[in-house]
Amino acid sequence: MWRYVLRRLLQAIPVFIGTTLLIYAMVFALPGDPIQALAGDKPVPDNVLETLRDRYNLNDPLLVQYAKYMWGLLQGDLGENYTGQSVSEMLSGRWVVTAQLAVTAWVFELVIGILLGIWAGLRRGRFADTLVLSGTTLVIAVPVFVLGYTAQLLFGLHWQIFPTAGTDDGWPMSYLLPGMVLGSLGLSYVARLTRTSLSENLRADYVRTANAKGLSRTRVVGRHALRNSLIPVVTYLGVDFGNMMAGAIVTEGIFNLPGIGEQVFQSIQLKEGPVVVGAVTLLVLIFLLVNLVVDLLYGVLDPRIRYE
């Protein structure tokens, strides 16, 4: 297995370089002069502009800028924004907020989604199955900002079950409602994936053999059918965790959470390329790590899978 892990890590290197180079090129291809944008409409002497451009490597070719950025990254330095602030320090506090939000949403879609999928899969064609399919279709069809504002209005303002905004109540209370909103779409897909995969496995030959041996219904479903049914679910959950970290900007905006999404949005408006690139670089690392863990979990769920 260790050879497999090493091989996957080596395969991740060109993926990481290609992804970060693409993001770097897209960010720094945005029109406008970020140095001039700092001064707004005020005139800035040409020698000051040139000095600042040299300091932040803006006069260098794109590949030279990227090489300098990667060299700093290897030393644990994400660089500075155009006002001299360390990108690592700017993101450190905000990463905690986004990570807590993403973990809350991920656990919510994992637990509730799988339970709903099992409930529907064991009752295929009945009322429970129809209810789960209809409910998840409705959630998928409604945009996340509509769900967010509706949940904030009902559960926060009207019924006062959860805090409406901010992080004053700490984790988990301040993150439960935004976490449920953020995880609602993923929950719908997890429930449908679990339902479809489980209902297919329940008709497989090995399940019929287990039933013929007289094994209990709980053991047949829990140890045999469900275990194999979770492989596509685990794949989706791994991918979706990275998507949550990157796609929390709308939810953070609705619930006024000072996370990484809000910082990236502000940095794009202010043309602070180093902050955007630094945040996306960390997101890419998390995405690659989570996908490696998902691949290793395949062998736990299905012993037939071997790492050669």
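Colleague: Is the crossing of helix 5 and helix 8 left-handed or right-handed?

Modeller: The crossing of helix 5 and helix 8 is right-handed. By definition, a crossing is left-handed if the near helix is turned anticlockwise from the far one by less than a right angle, and right-handed if clockwise. Before we go on: this is a predicted model, where local features need pLDDT of at least 70, side-chain atom pairs count only at pLDDT 80 or more, and totals for chains, interfaces and linings use all residues. Residues are numbered from 1 along each chain as its sequence is written, and side-chain values use heavy atoms, with hydrogens and water left out.

Colleague: At what angle do helix 5 and helix 8 pack, and how many Å apart are their axes?

Modeller: About 35 degrees, with the axes 6 Å apart, for helix 5 (residues 87-121) and helix 8 (residues 173-201). The axes are lines fitted to C-alpha atoms, for helices over the stretch in contact, and angles run from 0 to 180 degrees between N-to-C directions. The contact of helix 5 with helix 8 has 18 nonpolar, 11 polar and two charged residues. In that count Ala, Val, Leu, Ile, Met, Phe, Trp, Tyr, Cys and Pro are nonpolar, Asp, Glu, Lys and Arg are charged, and the others, Gly among them, are polar.

Colleague: How many helices and strands are there in the protein chain?

Modeller: 13 helices and zero strands. Helices (H or I, at least four residues) and strands (E, at least two) are DSSP runs, numbered from the N terminus. The C-alpha atoms fill a box of roughly 85 × 55 × 30 Å along the principal axes. Of the 308 residues, 41% count as buried, where buried means under 20% relative accessible area, exposed over 50%, and partly exposed in between (1.4 Å probe, protein chains only).

Colleague: Where does UniProt place the feature "transmembrane region"?

Modeller: The unreviewed UniProt entry places "transmembrane region" at residues 12-30, 95-119, 131-155, 175-193, 233-255 and 275-301. UniProt positions are in the numbering used here, feature names are shortened, and annotations may be inferred rather than shown by experiment. In the model, residues 12-30 are 89% helix and 0% strand, with the end C-alpha atoms 28 Å apart. Residues 95-119 are 100% helix and 0% strand, and there the end C-alpha atoms are 35 Å apart.

Colleague: OK, switching to rings. How many aromatic pairs does the structure hold?

Modeller: Six aromatic pairs. Rings of Phe, Tyr and Trp (its six-membered ring) pair if their centres lie within 6.5 Å; planes under 30 degrees apart count as stacked, over 60 as edge-to-face and the rest as tilted. Ring pairs link Tyr-24, Tyr-66 and Tyr-69 into a cluster.

Colleague: And why is the pair of Trp-106 and Phe-241 edge-to-face?

Modeller: Because their planes are at 80 degrees, with the ring centres 6.0 Å apart. Trp-106 lies in helix 5 and Phe-241 in helix 10 (residues 217-246), so the pair ties together parts that are 135 residues apart in sequence. Trp-106 is partly exposed, with a relative accessible area of 25%, while Phe-241 is buried at 16%.

Colleague: Last one: what does the side chain of Arg-208 reach?

Modeller: The backbone oxygen of Arg-203, at 2.7 Å. Arg-208 is in helix 9 (residues 205-212) and is partly exposed, with a relative accessible area of 47%.

Methods: A polar contact is a pair of N or O atoms within 3.5 Å; within protein, one must be able to donate a hydrogen and the other to accept it, and residues adjacent in sequence count only if both atoms are side-chain atoms.
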